[in-house]
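Please look over the model shown here before reading the notes on it. They are meant to be read with the structure open.

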Amino acid sequence: MTNAILRGRDYRTLQPIELEIQHGSIAEVRALSALDDDIILAPGFVDLQVNGFQGVDFNHFTFSEQDVLHATRALWQQGVTSYLPTVITASPLEITHAMQRLASACQQHPEVARAVPGFHLEGPFLSPEDGPRGAHPREAIRAPDIALFDSWQQAAQRRIRLLTLSPEWPQSDALIRHCVAQQVRVAIGHTAATSEQIRAAVTAGATLSTHLGNGAHLQLPRHPNYIWQQLAEDALTATLIADGDHLPPDVLKVFLRAKGEQALLVSDVTSFAGQPPGIYHTAIGGRVQLSASGRLSLADAPQLLAGSARGLLDGVNFLLREKLVPLAQAIEMASIRPACQLALPQQQGLAAGAPADLLLLAPQTDGSVQLRGCVKQGECVWRHDAAA
């Protein structure tokens, strides 16, 4: 279906449109006078934080190139047409192996290469403190090291596009400047940094906050604290997990008002998405518990979350059901805004010349949307009726 016509309602206006697709891109967008159904056309989701999916763990060895392909195809069933496989804190050798395997998957499988514009390294340059550290293993936390980062970038074949670190380390600013010079985005996350350290990180070139409001102490000073400071920094775009567990609706509402267009969604999804409830053992993070409601936490410290078991579509629908944002904003928080962070052509959305990375969505009575089809570069990679 690289050359095709798609008809539906524009997610921004709900007016009927027709998309002409040629050679994997949108050739033309035409207005229609009428449409027989309510199918909504929207840009594909872009997830900057995917630790794994449907039994595949990018931090557990040995995952294979075929596993990465399986996860990619499973993510298409959730409307995620592009994503950053995320490698978290581990020993230097384990991170090297993960980067090598992900790079190999991009080389071996064209489907993976099309869907993966780069990798996200979340750690190991994070806070060693309980709370901010989250589920990252304390023994593997270390100070920022430019030479070590460069070795991982070489293992990744220069595909690391996003680094999450804590600016509380004296070496942080030098690493931030080094990454920015290589066009690697730097995010602040899992941090116990002071306001001064956060300001210094922004001056050095940090532009994102990783899952703001999570990876934090259970109790904070009223003010100042590192959440307030990141909200106040105009140069920082906040990535938010809207799965209903990581942030309550009222907190999301405040964050969205504070950040405006500088707020976007990530899933932080793990291999446990789609798995039955129970206790699981992970190579990184130890024992975790997946509840019947889908909440994923450390088994021995249930107040601490261990990533998410819900995908980006769940985050969009949580925003819609809670009436936190209108449809167009919820979709763009999961598509155009993250694409902008990586300067991907998908940031053009539904426009002539943009990649035909598209979703077909059906509105539901509770205000949410159901995925009915997923198109990647003009090719239909998943259909609801085919899966039924």
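This report on a predicted model covers a sheet, a helix pair and a pocket.

Seven strands form an open sheet with mixed pairing, in the order 3-2-1-4-19-20-21. Strand 3 (25–31) and strand 21 (379–383) are the edge strands; each has a single partner strand, so one side of each is left without a neighbour in the sheet. On average, neighbouring strands of this sheet are turned by 35° against each other, direction ignored. Strand 3 pairs with strand 2 (residues 16–22) in the antiparallel sense, over six bridges. Within this pairing, Glu-20 has Glu-28 in strand 3 as its bridge partner.

**Helix pair.** Helix 2 (residues 92–108) and helix 4 (residues 146–155) have axes that come within 8 Å and cross at roughly 25°. Angles under 35 degrees count as roughly parallel, which makes helix 2 roughly parallel to helix 4. On the helix 2 side, the contact involves Pro-92, Ile-95, Thr-96, Met-99, Gln-100 and Ala-103, which meet Leu-148, Trp-152 and Ala-155 in helix 4.

The largest pocket has a volume of about 760 Å³. It is lined by 39 residues, of which Gly-134, Asn-214, Gly-215, His-246 and Leu-305 are the closest to its centre. Strand 18 (residues 301–305) supplies the largest share of this lining, three residues.

| Site | Nonpolar | Polar | Charged |
|---|---|---|---|
| Contact of helix 2 with helix 4 | seven residues | two residues | no residues |

Notes: Residues numbered from 1 in each chain as written. Predicted model: local features only at pLDDT ≥ 70, side-chain atom pairs only at ≥ 80, totals over all residues. Heavy atoms only, no water. Axes fitted to C-alpha atoms, helices over the stretch in contact; angles between N-to-C directions. Helix = DSSP H or I, 4+ residues; strand = E, 2+ residues; numbered from the N terminus. Parallel < 35°, antiparallel > 145°, perpendicular 65-115°, else oblique. Contact = heavy atoms within 4.5 Å. Nonpolar A, V, L, I, M, F, W, Y, C, P; charged D, E, K, R; others polar. Pairing = 2+ DSSP bridges. 1 Å grid on protein atoms, 1.4 Å probe; cavity = no way out; pocket = protein on both sides within 12 Å on 5 of 7 lines; lining within 4 Å. Points joined across faces, edges and corners; volume = space filled by probe spheres on them.
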